Amino acid sequence: MGSITYIIREAFSGFKNNLATVFGAIVTIYLSLSVIGIFMTATMIINQLVETVESQVAISVFISDDASEEDIWALQSYIHTLPDVGEVTFMTKEEALERFKEQSNSTIVDSLGDNPMPASIEIGLRDPSKISEVASMILENEIFLRICDDADNPNASIRYGQDVVDRLFSLTRIIRLVSTAVVALLIFVALIFINNTIRLAIFARRTEISIMKLVGASNGFIRRPFLLEGTLQALVGAGLAIATLRYGLNSLANSAALNIPWLNIRFTTIPIQLIDLSLLGAGLALGLFGSGWAMRRYLKA
């Protein structure tokens, strides 16, 4: 019990007697974790937007006006059997015209005369990245080739914006790889800064450490107060970073709701508690590891 009391007393004594270096360590941890937290949140928002765009990726299969109900049903049944296909719905010519009216100028619609819109089969995907494979399998189907609205050019009867989709998935892969790499780099940089800051704090108390070693104190006994001190610094720095991040996220959510309501960002679905725990855990790990790493030079452990 006395040993625990000593460790706690020495840790808080280190706080009190080395305010400048302690403040430097806390600020370093705070800034490092704030940047990591901001980047984690930004990555989650970007992924949310990407997933929203991906969820809207679909295939439209245009059907000839002369197609029989049996052939349409048979093609739908075939499409249902394809891997990665989700919802499959049939849109009549009338429904297609109504949708066009909703998306276009009424003057344009009035000038169309007879309904020129083809019926179509709308296909949603469970895995949007498989859209090209699904489209290729539909193009090879005999029923589709027989009832598509452009028999001379079947490729024109199936639309999913291949070039746009390919660019989209290339971009999302790059975003996710870059996000992972940057977060890893930030953690490494934070560790270097924290280690250097704590090393300065230990250097300022090198005489005290030398005296303790001379009187027979073990490395573990000497190390514990510094580890606790590093943990306390990490807790304060992480707490400040979490508070700053929460305030910033709330402000951003309110600003987005007022200024860009059309942008589909659901801030309430961002796992802020998970980010908080991640920052707290990262702060503790950085503080402990940084303290232990910095002390090796003096304890030769």
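Predicted model: local features only at pLDDT ≥ 70, side-chain atom pairs only at ≥ 80, totals over all residues.
Two strands are said to pair if DSSP finds at least two bridges between them. The strands E1 and E3 run antiparallel to each other and are joined over six bridges. E3 also pairs with E2, again in the antiparallel sense, through five bridges; here Ile121 of E3 is the bridge partner of Phe90. Six of the seven residues of E3 are buried, so the strand is largely enclosed by the rest of the structure.

In soluble globular proteins, nonpolar side chains tend to be buried together. The largest nonpolar core in this model has 25 residues, and Ile59, Val61, Ile63, Leu75, Ile123 and Ile138 have the most contacts inside it. At least two residues of this core come from each of strands E1 (58–63), E2 (85–91) and E3 (119–125), and likewise from each of helices H3 (69–81), H6 (131–139) and H7 (142–147).

Stepping back to the whole protein chain, the secondary structure consists of 11 helices and four strands. Of the 301 residues, 39% are buried. Among contacts between residues at least 6 apart in sequence, 82% link residues at least 24 apart. The accessible surface amounts to about 17100 Å², with 62% belonging to carbon and sulfur atoms.

Methods:
Residues numbered from 1 in each chain as written. Heavy atoms only, no water. Core = buried A, V, L, I, M, F, W, Y, C linked by side-chain atoms within 4.5 Å. Buried < 20%, exposed > 50% of the residue type's maximum accessible area, 1.4 Å probe, protein only. Contact = heavy atoms within 4.5 Å. Areas by Shrake-Rupley, 256 points an atom, 1.4 Å probe, with all protein chains shown as cover.
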